[in-house]
Amino acid sequence: MHTRLHGRGALFDADPAGLAPRLVGLVPGRHRAHSLEHPDEPPFVVLTGARGMGKTAVLGALRDAYQGHTPVALIDCAARQFAEPPTGRPPESWSPSAAALLVIAEQLAEPVTGAGRIAFPRLMAGLVAVAAGGWGDAEADRIRREVERILLLNDRGGKFGAFAGRWAGKVAAKVVAATTHTTPLVSGAIEATLESIAEGFTGHRQQKASEWYRSYPNAGGNAQRGLILLSQHFRDGGGSREHAERYLVRAMLADLTEAYTGFMARMQRLGRPLVLLDNAQTTPGPELTAAVLRDRAEGIGDRVAFVAARRGDGREELPNAARRQLAEVARRTDWAPDSAPSSRALLVALPPLGADDTLHIVGALCADTAVPSHLPSAAHRLTGGNPLGVVLLAQSAAQHLPGVTSLGELLTAEVRPAEDQPALPAHQALLDRLVPAEYLEELTVLAAAHDHGSARALATALLPDTFGPADIRALQTSLAAEGLPGVPDQFVGDPFVRALLLLRLHLRDEDHTSWRRAHETLIEHYAEPEQAPYRLHHELALGDAEPAVARLRDDFATADIRGWLRTLRFIASAPYFHAHDAEGRDFGGRGDRRAAVALGTTDAAYPVPQDVDAVLHLRIRRLLHAVWELTDPLVLPDPKVCDRLRFELEQLSNLRPAAGALLWRASRDWPAAVLAGRPLEGPEDPEDDGRGEA
Amino acid sequence: MAGGGMGSWVREHVWEIPLRRYLSLALAAVLVAAGVFGVRTAMREARQCAPGVSRPAGGEECLGVATGPYDFGQDQFHQVVDSIRKENSTLEPGSYVTVALMLPFTSTAPTDLNDIEHQLQGAYLAQYAANHDPTGQPPKIRLVLANSGTGKDSWKPTVDQLDRMTRSADRLRAVVGIGQSTDPNKDAVAALTKYRIPVVGSSITADDLANGRPGRNPDPYPGLARVAPTNTDEARALASFAKKNASKPILVYDEPGDPYTNSLKRSLTSLLDISYDRQQSFARSDASTEFGNIVPTLCSTTQGTRTILFAGRHAQLQQFINALGGHNGCPGNSFQVLTGDEASYLTYDKNLDRDALGNNITLLYTSLAHPDAWAENPPKTGGSTADYDILKGLLDNDKRRPIGPVALDDGQLIIGYDAMQLAVNGIHHSVPRGGTTPPLSAVGRAWSHVRGPLKVHGASGWICLDGHGNPYDKAVPIVRLNSKNGTQFVQLAWPQGKPPTENCPMT
């Protein structure tokens, strides 16, 4: 299903122009020229964001918008074809970068409206030279196959239709002949290639192309020698290979520059060619990026618009790059490079989607279904605007409405992400794409942790012995590199990912053993009195609200009200999956008893402990359940419970006249924040660390 | 593309791509140019009447020079036009020069059409004679018809076209004809001579449409030659006739008149010394009323045959004769009306009261030519029977092609023939030694040599030109209009009172 991207107008808008038309010089989806923001040299745009932020979707949409209008290439650096050499290809004549260049050039060569195919004689000659390095004991058929694939880059169709085939045959014949003669193999292949270029193309440009490798270092003005050195460097590996790869990148950019130079090019081509690199944090993404940026910094310009997408913020790799939020580049980038190569890049962080965008996506994906009015805002509140989360929830809703309506049920219901893929629970499908697969199990357990110490306790209790403290730290580092935000007192900072992981933990065993053990472990871990809020938080997660009510009741009269409110919020942020029965045990029904308690309907049957202020106890109990329910990301706020929250806080403000103002303020701010989908804060408490006082 | 439609497709697939944009603009420009060319050609063809002849925008007449066979829609010209076409078609390219006969071929007046037909016949005969002359003197003569039209400025496109033809392969070297002495014709002659095109006037008689005038600019029409004597010469001849044949004539004249009537009046009054009391004027616009008043006055004068000199145009002459011979006239009295060559138009005028002519009115007038002028007892000089017989021989020649019914009485055929003869003579005498084609300017200069031994032996009499292209002492036949159709030659009269000598114009 084709989904129009929402919330990415800063990139795709046509009037006023977003970043894409200003970068490419074409109105998206149209064959209409647009003025360039940086006519001399465009920034190397790198889109950043965590998993699920829609980077791949943006690149796909860019390709769709410009394909057929300007040469476009899109590669996924994490694809298998760039991970290892194809069968039979020796590693010394293959590298991810060289493979990526061939794929990019193949895509860029395609004809576009108004202009024909682009030829890549420089890149082709270089790739043949590199491939020749691996032909030592190859069969003629394999050589022919490899050469043909590379030479098809120069297949302009029509007049040159059978040309590549003949050419490949000729080169292969020479190479095969060279293996049986004294002529060195590589130089034989290179000689044949250069001869073929000279014979096949008589134009001035092609002649120029065949002489391009004369300038290769130490080539001494001899193109053949240059290519032999290139092949040698590539085979040598290490720094030499990097050098050769940079030269191959330069060859491709020179071919593109040639295609965009001259009178006829100006008369036929609009805008710039566009190269899109997905998962650019993975090899060969960083290598290609570095090669382009280095050449640009050295004044070897090109005319290509690059847009890469990478996880994480790229600070280490591109230290001097300009950093912008997507909204900041909507009208202009304010980008100016300095002497550092990485300053030629422009990092643009993709933001979460807004509530309106969520509404539009749910509307688009559930076009044939009646969507409950609360669902879009609930989805936005749960996912925090994570595009993948919104889309999968909407897909789940489209497949299960009207039978399933709550977010919890939508997350556990099976969803089929694509027609050719098997159905699996929505939360599982989300975790597969939001969390590195290799850490999923560990993170499922550690999601309940708050810090390194609690994580260690959980690891000890629930994870294999091989997973030690160092692994916990490595996992933390990995999460940071993925671009997941770090939040105090939460091992997994992203609330949406954490909620999914906790849900997975809860569902790991039929009888929720892991879930219970995790919380019980943490209850034990937080044995110290000053750690009471943690303990109470996890007790509440296991369904036992009484200790929390008692503690809050007892502290109310004396505690600092700000701290008391923080503690209340922290305890009430405990996860709540299946509904609990009157004793706090979860059961399979659909009811949510928190609302009933918050609204006071259970008060009559509830046995108030002896020797306590019964009114205060019941009020605190109602208040705790109200906050617990209203801050649960899996449940949409109930206005009645909101009203009750306001009422209870108002009443409490009467009991503590000195701190009445704060409680009164909370009685107004909290229901409003809940209804607006904002987290509960304050009131006016900049010191709030979410944990409260001990 | 559905949203943007065709406009968006054109913009993105053509306009936005410079190469396609410029190619399509060039293609569009070619198409527009072809369209404009096509429309213009179609309109020109729609306006075109025949090769060289077209209707100007907003005009009805077919104007211009018919370079092919075209009779201007007049059936009576058809036969002679076809003969001219055949004669022209025998000419080898490069062997000929072109002479244009310029007349108002699209006129609707029957008398004009008769005159034109007769001049056309005369011109063809002269062309035939020149091209079939046994001496074979080059160049051959191609005759084309140039329509000056009937409008005030209708001559302009024709004259411009004639000018272009002097420089084209047509090699136009003279224009003959012109017709009456009207203001448009005067302008046309002025334009032609300004272009240095030699002009031979056939029936121009007005004094002011001639060179050799007093004042600072004696030759306002350089290159103009005339076959017909000026009005003054005609008046002189008439006066010399009247002096011998009438006493105390009365002058009836057009007031304010035109160049023709005024020159006639002026010559008659000065030569015959007519006092004011014997002069009666009329206004052309109210002529019939005024003639009603004039006739009783005439009747009351001395008994006997009265001679009336009439200085007016033929339309008023016809009214005057009708008034004089009608019931309100003066029966019992006889009148002799003398007038200029305008009377020749009455030859075929159906409105003329011919009974009056039969009874008591004799209409005598100076004709430009008459078939009987040289038939009996011709004078020894000034013309000859033999000269006329050449024309007669051509008329009887059955080798030439047909020219339709011939009527010689009005003299137009003879004068047309002589005008063409004069043009051919000038052309032949201007051919440079060793060459075959005369320069345009030389033809005009040749007029000054037409005298003495180089005079043209015209069918209407000798054509000796003075230094200004005007005929000197040209024979003026006095003819009488019969009551029945036709004229009767009376006698020859001479502007100088007697025929010229052999060395004309020198005496």
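I count two strands as paired if DSSP finds at least two bridges between them. Helices (H or I, at least four residues) and strands (E, at least two) are DSSP runs, numbered from the N terminus.

I am working on a predicted model, where local features need pLDDT of at least 70, side-chain atom pairs count only at pLDDT 80 or more, and totals for chains, interfaces and linings use all residues. Residues are numbered from 1 along each chain as its sequence is written, and chains are lettered from A and ligands numbered from 1 in the order in which they are written.

**Entry 1: the sheet of chain B**

I looked up the bridge partner of B:Leu251 and found B:Gln279 in strand 10 of chain B. Strand 9 (residues 250-254) and strand 10 of chain B pair in the parallel sense, over 4 bridges.

I then followed the sheet across. It is open, has 7 strands in the order 10-9-11-12-13-16-17 (chain B), and its pairing is mixed. Strand 10 (279-282) and strand 17 of chain B are the edges; each has a single partner strand, so one side of each lacks a neighbour in the sheet. From one strand to the next the twist averages 25°. For such angles I take axes as lines fitted to C-alpha atoms, for helices over the stretch in contact, with angles from 0 to 180 degrees between N-to-C directions.

Two helices pack on this sheet. I call two residues in contact if their C-beta atoms, placed from the backbone, lie within 7 Å. Helix 9 (residues 287-299) of chain B touches strand 9, strand 10 and strand 11 (306-311) of chain B, and its direction makes about 160° with that of strand 10 of chain B. Helix 10 (residues 314-325) of chain B touches strand 9, strand 10, strand 11, strand 12 (335-339) and strand 13 of chain B. The direction of helix 10 of chain B makes about 160° with that of strand 13 of chain B.

**Entry 2: strand 16 of chain B**

Is strand 16 of chain B enclosed or open? A residue is buried if 20 or more other C-beta atoms lie within 10 Å of its own, exposed if 12 or fewer, and partly exposed in between, with C-beta atoms placed from the backbone. In strand 16 (residues 476-481) of chain B, 5 of the 6 residues are buried, so the strand is largely enclosed by the rest of the structure.

I checked both partners. Strand 13 (residues 361-366) of chain B pairs with strand 16 of chain B in the antiparallel sense over 3 bridges. There B:Tyr365 stands opposite B:Val479. Strand 17 (residues 487-493) of chain B runs antiparallel to strand 16 of chain B and is joined to it by 6 bridges. B:Arg480 has B:Gln488 as its bridge partner.

I noted 14 helices and 17 strands in chain B. Of its 507 residues, 50% are buried.

The contact between the chains takes 10 residues from chain A and 7 residues from chain B. On the chain B side, helix 1 (5-15) and helix 2 (18-47) each supply at least two residues. Helix 2 of chain B gives the largest share, 3 residues. That side divides into 3 nonpolar, 1 polar and 3 charged residues. I count Ala, Val, Leu, Ile, Met, Phe, Trp, Tyr, Cys and Pro as nonpolar, Asp, Glu, Lys and Arg as charged, and the others, Gly among them, as polar.

**Entry 3: a helix pair in chain A**

I looked at helix 5 (residues 121-132) and helix 11 (residues 238-259) of chain A. Their axes come within 7 Å and cross at roughly 155°. The two helices are therefore roughly antiparallel (the cut-offs are under 35 degrees for roughly parallel, over 145 for roughly antiparallel, 65 to 115 for roughly perpendicular, and oblique for the rest). The residues that meet include A:Leu123 and A:Leu127 in helix 5 of chain A, and A:Leu248 and A:Met252 in helix 11 of chain A. The contact divides into 8 nonpolar, 1 polar and 2 charged residues.

**Entry 4: backbone exceptions**

Most residues other than glycine have a negative phi, and most peptide bonds are trans. I listed these exceptions:

- A:Asn218 has phi near 70° and is exposed, with 7 other C-beta atoms within 10 Å.
- A:Asp611 has a positive phi of about 60° and lies in the loop between helix 27 (593-598) and helix 28 of chain A.
- The peptide bond from A:Thr283 to A:Pro284 is cis, with omega near 10°.
- The peptide bond from B:Pro138 to B:Pro139 is cis, with omega near -10°.
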